[in-house]
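Hi,

Here is the structure I promised to pass on. Have a look at it first, and then read my notes below.

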Amino acid sequence: MDAARKVLAELDPELEWIHETYRDLHRHPELSLEETRTSALVVRKLEEFGYRVHRVGGTGVVGVLDNGPGRTVLARAEMDALPVREATGLDYASENDGVMHACGHDVHVAALLGAAKLLADHREQWAGTYLALFQPAEETAQGSAAMLADGLADKIPAPDVAFAQHVMAQPAGTLQTIAGPVLSAGDSIRITVHGQGAHGSMPQLSVDPVVLAAAIVLRLQSVVSREVQPGEFAVLTIGSVQVGTKSNIIADKATLLLNLRSYDNAVRETLIAAVERIVRGECAAAGSPVEPEFEYYDQFPLTANDEAVTARVSAAFEAYFGTVGNASRQSASEDFSRIPDAFGVPYSYWLLGGMDPQAYAEGKAAANHSPHFAPLIEPTLARGVEAMVIAALGELASDPRAGGA
Ligand code: ZN
Ligand code: ZN
């Protein structure tokens, strides 16, 4: 904790460029996989701070700071914005029409850059390796997978532990942690079932996909109620059924779009297996002439915080700030965990409040993805930097009893 206090005593003079960077990022949001300007800005800053920089997975960037033998910490921020037309009226509002940092990823980037600089400037307070990772395309669940597919694991030292944070519609400056699942796994499935088309007056010549889809829709309602253990969280939503064009035509196929959410990989597997079994079973019962097709997309892995790492993070936050909140599980999803999972290392993901406390208390604070989403610059950014530094130094600070400090 001494190391974090010493490093963070130097935060104030850095806040000016951190705020400037944040406003710049907010003015110039870029959609998923198109984060070229943001990526270039990050590379420039990391090089200026003395990091060895790798570009990985298109616009992805990792800065590596070697500081002698010790543990390796990875900290991650996402860079992408959303196809939302900003309506905040801020003087640093988006200049890219129809694109907005409506999920606070600009907060994450600016805060991680701030932490990266403080750690680079105060290497005497710690030992080991710090990895500042900036990923593309979190919103579409593609970015972390793209970095891994591009050989991330061969390009950087393997981390021992990983961290990420997300700004949320909570009072600005508050931090919340939770051990175990914090964000749900999310899966979307496009299912195509085949019938046999015919004239509406001659149903005996058809295999009717309307009847088939209807049977599937009803039968799928039994998955959560009859196959998932009571008390376990699971959502199975059929968001779309598309079939047919005209009253007197029997169509030849139907398309269903499903969304699944779960907090447990075993539950997730139960849901997926049940969906496939029921769809195949109903197709067989209907006499469908062709096997159904399942296309999985927008797949978000489970985010489940490691107990021991999260206990260390919570204790460190509490020691520094005097208090830390308990996060509730969010039904939103994230693709961060793919990176620590690929290395087989534990991680912790915490929530950072960003909203005007008064507006929050009155229930008027716009949440993530709203065109009115507007985190307060302070204390949000300072708290984001502090949280990243404290979590990292909890793993990297040399033990003063060992003569390190
Ligand atoms: Zn988002
Ligand atoms: Zn987000």
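Let me start with helix 7, on the face turned away from its buried side: that face carries Val211, Leu218 and Arg226, which are exposed. Do keep in mind as you read that this is a predicted model.

Now for the other side of that helix. Pro209, Leu212, Ala213, Ile216, Leu220 and Val223 are buried. They sit on the same side of helix 7 because they cover an arc of only 90° around the axis. What do they pack against? The buried residues of helix 7 pack against strand 8 (185-194), strand 10 (234-243), strand 11 (249-250), strand 12 (253-262) and helix 8 (265-286).

As for its dimensions, helix 7 runs over residues 209-227, which makes 19 residues. From first C-alpha to last it reaches 26 Å, close to the 27 Å expected at 1.5 Å a residue. If you zoom in on the start of helix 7, you'll find a side-chain oxygen of Asp208 within 2.8 Å of the backbone nitrogen of Val210.

Some of those packing partners are also joined to each other. Strand 8 and strand 12 run antiparallel, with ten bridges between them; Val193 has Ala254 in strand 12 as its bridge partner. Strand 10 is antiparallel to strand 12 as well, and nine bridges join these two. Here Ala234 stands opposite Ser262 in strand 12.

The other part I'd point you to is the metal site. The zinc ion (ligand 2) has three protein donors to look for: Cys103 through SG, His105 through NE2 and His166 through NE2, at 2.1 to 2.5 Å from the ion. Their spacing in sequence is C-x1-H-x60-H. The two histidines link distant parts of the chain, since His105 is in helix 4 and His166 is in strand 5 (residues 161-171), 61 residues apart. Both His105 and His166 are buried.

Why is helix 4 largely enclosed by the rest of the structure? Buried means under 20% relative accessible area, and 16 of the 17 residues of helix 4 are buried, so the rest of the structure largely encloses it.

Cheers

How values were computed: Residues numbered from 1 in each chain as written. Chains lettered and ligands numbered in written order. Predicted model: local features only at pLDDT ≥ 70, side-chain atom pairs only at ≥ 80, totals over all residues. Heavy atoms only, no water. Buried < 20%, exposed > 50% of the residue type's maximum accessible area, 1.4 Å probe, protein only. Helix = DSSP H or I, 4+ residues; strand = E, 2+ residues; numbered from the N terminus. Donors = N, O, S within 2.8 Å, 3.2 Å for Na, K, Ca; no water. Expected span 1.5 Å × (residues − 1). Arc of directions from axis to C-beta. Contact = heavy atoms within 4.5 Å. Polar contact = N/O pair within 3.5 Å; in protein donor to acceptor, adjacent residues only side chain to side chain. Pairing = 2+ DSSP bridges.
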